[in-house]
Amino acid sequence: MFKLNEDRIAQRLAAVIERLDDGRLQDRYRLQERSMLMAIEELEPASLGAVAEAVNRGAPAISRAVDAAVRDGLVDRRPDPDHRRRLQLRLTEEGKRHLEDTAADHGRLAERIGSLAPSEQRAVERAVEILEHMR
């Protein structure tokens, strides 16, 4: 029976991600901000707890990131009319534009994926779906 070596797979995947991402993984803040903004957009009106769970980070860290996004004009934070102690988070128009602009950062990677055969693109998409559901 064939046994996969999880450590080796993880090592190879990390190396591929670094190579394909052209060093952008070093800008961790920007990636985390984008992830948070995407979660807010998907969950609107989002609660802090739901966003923290969606991005797999603690509520205090997300609270600080939301504070910064509010100051930058990317996120609107208002009291939830149904729950006095809860806030509703929504992207502002500027936040939506920011999210679209940062999506363009993936242009080179998108070009590389576009050069794959359709069956390979489907395989990459399936792998991404699997990785998105990992906890």
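1. Helices here are DSSP runs of H or I with at least four residues, numbered from the N terminus. In this predicted model, helix H3 (48-55) is followed by asparagine 56, a residue whose phi is positive, near 60°.

2. Within H3, the buried residues are Val51, Ala52 and Val55. Viewed down the axis of H3, these buried residues fall within an arc of 100°, and they therefore line one face of the helix.

3. A patch of negative charge on the surface brings together Glu41, Glu42, Glu44, Glu100 and Asp101.

4. Helix H4 spans residues 59-71 and includes alanine 69, which counts as buried because its relative accessibility is 1%. Alanine 69 and glutamate 33 are separated by 36 residues in sequence, yet their C-alpha atoms lie 8.2 Å apart in space.

5. Side chains of opposite charge can pair when their charged atoms come close. Five salt bridges are found when the whole structure is searched. One of them joins the side chains of aspartate 76 and arginine 78, with an N to O distance of 2.7 Å.

6. Helix H5 deserves a separate comment. Glutamate 93 and lysine 96 both belong to H5 and stand three residues apart, about one turn of the helix, and their side chains meet in a salt bridge at 3.6 Å, N to O. Lysine 96 has a relative accessible area of 31% and is partly exposed.

7. A further salt bridge links arginine 97 with glutamate 94, where the closest N and O atoms are 3.0 Å apart. Because arginine 97 and glutamate 94 are three residues apart in helix H5, about one helical turn separates them. Arginine 97 counts as partly exposed at 43% relative accessibility, and glutamate 94 likewise counts as partly exposed, at 38%.

Definitions and conventions. Residues numbered from 1 in each chain as written. Predicted model: local features only at pLDDT ≥ 70, side-chain atom pairs only at ≥ 80, totals over all residues. Heavy atoms only, no water. Patch = residues over 30% accessible without salt bridge, like charges linked within 9 Å, V, L, I, M, F, W, Y side chains within 5 Å. Areas by Shrake-Rupley, 256 points an atom, 1.4 Å probe, with all protein chains shown as cover. Salt bridge = Lys/Arg side-chain N within 4 Å of Asp/Glu carboxyl O. Lys, Arg positive; Asp, Glu negative; His and termini not counted. Charge placed at Lys NZ, Arg CZ, Asp CG, Glu CD. Helix = DSSP H or I, 4+ residues; strand = E, 2+ residues; numbered from the N terminus. Buried < 20%, exposed > 50% of the residue type's maximum accessible area, 1.4 Å probe, protein only. Arc of directions from axis to C-beta.
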